[in-house]
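Please read each point with the model in view.

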Amino acid sequence: QVQLVESGGGLARPGGSLRLSCAASKSISGIYTMNWYRQYPGEERKLLARLNRGGSTEYEDSVKGRFTISGDPTKSTVSLQMNSLKPEDTAVYYCNINRKILETSQRFWGQGTQVTVAS
């Protein structure tokens, strides 16, 4: 059973930075996307940033220019650099790695890490 372990959450001041990291307990083959989601209390998880197999990235509008996703599929790791943090970035953040082998898809999730932005 593959587990994704997140680290790097915590408290930051407005305007500050945090870096979230996510690593798989075992190597994951066939990765086609690596993602970060965030979830506000009482709401569904929302896709924040995506890293595609070819290296292209996509971002939710509210974090464009502030957050940067990076990852290494060969090491099954993905990170999220968060700069210029705002109080509205306060949420639980989840990493997600998706793979496909032949016709079988699998989704792996981290346990979630709390990010709090407050002065």
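1. In which sense do S1 and strand S3 pair, and over how many bridges? S1 and strand S3 (residues 18-24) are antiparallel and are joined by four bridges; strands are DSSP runs of E, at least two residues, numbered from the N terminus, and two of them pair if DSSP finds at least two bridges between them. Val5 has Ala23 in S3 as its bridge partner.

2. This is a predicted model, in which local features need pLDDT of at least 70, side-chain atom pairs count only at pLDDT 80 or more, and totals for chains, interfaces and linings use all residues. Residues are numbered from 1 along each chain as its sequence is written, and side-chain values use heavy atoms, with hydrogens and water left out.

3. Four strands form an open sheet with antiparallel pairing, in the order S1-S3-S8-S7. Strand S1 (4-7) and strand S7 (67-72) each have a single partner strand, so one side of each edge strand lacks a neighbour in the sheet.

4. One disulfide is counted, the term meaning a pair of cysteine sulfur atoms within 2.5 Å. Cys22 is joined to Cys95, with an S to S distance of 2.1 Å. Cys22 lies in strand S3 and Cys95 in strand S9, 73 residues apart. The torsion about the S-S bond is about 60°, so the disulfide is right-handed.

5. Are these cysteines, Cys22 and Cys95, buried or exposed (under 20% relative accessible area or over 50%, with partly exposed in between; 1.4 Å probe, protein chains only)? Cys22 is buried at 2% relative accessibility, and Cys95 is buried at 0%.
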